Amino acid sequence: MAKTWEVAIVGAGFSGLGMAIQLKKAGRHDFVILEEAGDVGGTWRENTYPGCACDIPSHLYSYSFEPNPGWTRQYPRQQEIWDYLRHCTRKYGLEPHLRFRTRMVTAEFDDTCATWLLTTDGGETVRARALVGAFGPLHHPAIPDLPGLDRFAGATFHSARWDHDYDLAGKRVAVIGTGSSAIQFVPEIAPEVAHLEIFQRTAPWIMPKPDREITGFERRLFRLFPPARRAFRNLIYWRQEVAALGFVVNPRLMRLIERLARRHIERHVRDPALRAAVTPSYVIGCKRILISNDYYRALNRPNVDLTTSPIVEVREHGVVTADGTEHRVDAIIFGTGFRVIDALASKMIVGANGRKLQDAWADGPQAYRGITIAGFPNLFLLVGPNTGLGHNSIVFMIETQIRHVLRCLRELDRGRTIDVRAGAERDFNHWVQSRLRGTVWQTGCKSWYLDDEGRNRTLWPGFTFTYWWRTRTPRLSDYEVVAR
Ligand code: N01
């Protein structure tokens, strides 16, 4: 029989690499990382659109165990984050563990030898005792099914598959969507194109972005005096964390933030009709709050128009809206986000006794603490159901989960399988869903946080430190550890 790895990690983004590093630090070197792309970095490899950056400050959007005193900006840009992840890969010697261009196609738990058997798109099989799913939730581009799209004669691409060979200079360009990605690339491409037509379905709430360069002095200070860097990181953490008060404790507190966002519109949007069009009608925070200093300014440009009439059709040379206008364009860029809810379920995962993950998740994805699923022994998810965030750094959640997985692996060393009890998973998710009821995300807007039934399967309903507290050690009574 082929080799059985101790651990197989699927995905080499922030979570998969973090897991791999911590395995090594724990003296566990018997693992393999399968990555479908040709390089590490996940989101930060994939999203290369102009202006791509993170909306969480750099000193917090990095591993606590691998600080980077040299971050050049308060809010890191894509290239710098990607460089950071490649640096981590080299520094911790992960290259020999990585198998690029290897997509996991199926993962089946083999009851007889208590191992996961993975098959890859290249026809290989990989066997491992434990499987860590670091798939990344924002990964499958969502392209709307617009009537006539296949007839369009110009170029089309999604923000996460940016076509850098396509020269936008002097072109008439349609941008569909006004989410986090679009508001970052619109100001970048607006000066270049002949005309930009932005199709907005729902206006986003946008706050000013307190971005700036981190000065040479600060960088030297952080390098020479690590406590200053740690204090800076902690300050950012608690500043972000305070926002949870409005998101989950009392949504009425969001009114204060809404006032700031309204002032941001008033300050930057001069035309009253445009002002009305970009002012959202839902409670701020219900959809992700965006940050930008230049998006509204881009809308003021003479070559940029915002259309709020819904798209009804795409023709050979243009996009037709419900008001009967045909907007003639040479290219359509989709800033339409990702299919997040089905991202995990789409993986072909079969647990103990032949139970499919799709069946276990027939009512929607759920996991115990977002990490383990009853009936799927020795499987651990990173950034699993209900562990996304609307207010703080996902890297904090990832590190918390990795710590939990390492503890479970120590139990697994002594046993044959570790499997969360169905009752523990159910109780945990009842608690999660009941906590979500009073949150800002349930105040009536439509967002990718919610599934088709309006249930939130993506976000953690509380402070991140409560997640850390609940997850820091596995409550072993919630798990069944089967002896060898
Ligand atoms: O996608 P989105 P994104 N017709 O889903 C619209 C992360 N991220 O790629 O609001 C017309 O936010 C849709 O309209 P509506 C971050 O977590 C992070 O921008 O559904 N429009 C919306 O305006 C983020 O939340 C960073 O009515 C259609 C837009 O497309 C997530 O990625 C940076 C449509 C989609 O917005 C996704 O962001 C970038 C249709 N048929 C991204 N379908 C950071 O800085 C959809 N839309 C960390």
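Modeller: A note on classes first: Ala, Val, Leu, Ile, Met, Phe, Trp, Tyr, Cys and Pro count as nonpolar, Asp, Glu, Lys and Arg as charged, and the others, Gly among them, as polar. This is a predicted model, in which local features need pLDDT of at least 70 and side-chain atom pairs count only at pLDDT 80 or more, while totals for chains, interfaces and linings use all residues. Residues are numbered from 1 along each chain as its sequence is written, and side-chain values use heavy atoms, with hydrogens and water left out.

Colleague: How do the residues of the shell around the ligand divide?

Modeller: Into eight nonpolar, 10 polar and four charged residues.

Colleague: Which of the 22 come nearest?

Modeller: Those are Asp55, Ser180, Ser181, Thr202 and Lys287.

Colleague: And which helix gives the most to that shell?

Modeller: Helix 4 (residues 180-189), with three residues. Helices (H or I, at least four residues) and strands (E, at least two) are DSSP runs, numbered from the N terminus.

Colleague: What lies 2.8 Å from an oxygen atom of the ligand?

Modeller: A polar side-chain atom of Lys287 does.

Colleague: Different topic. Where does Asp110 lie?

Modeller: Asp110 is in strand 4 (residues 104-110). Its side chain makes a polar contact of 2.5 Å with that of Thr112.

Colleague: How many disulfides does a search of the whole structure find?

Modeller: One, where a disulfide is a pair of cysteine sulfur atoms within 2.5 Å. Cys286 and Cys445 form it, with their sulfur atoms 2.0 Å apart. The two cysteines are 159 residues apart and link distant parts of the chain.

Colleague: Why is the disulfide left-handed?

Modeller: Because the torsion about the S-S bond of Cys286 and Cys445 is about -95 degrees.

Colleague: Is Cys286 buried or exposed?

Modeller: Cys286 is buried, at 0% relative accessible area, and Cys445 is buried at 11%. Buried means under 20% relative accessible area, exposed over 50%, partly exposed in between (1.4 Å probe, protein chains only).

Note on methods:
Near = heavy atom within 4 Å. Polar contact = N/O pair within 3.5 Å; in protein donor to acceptor, adjacent residues only side chain to side chain.
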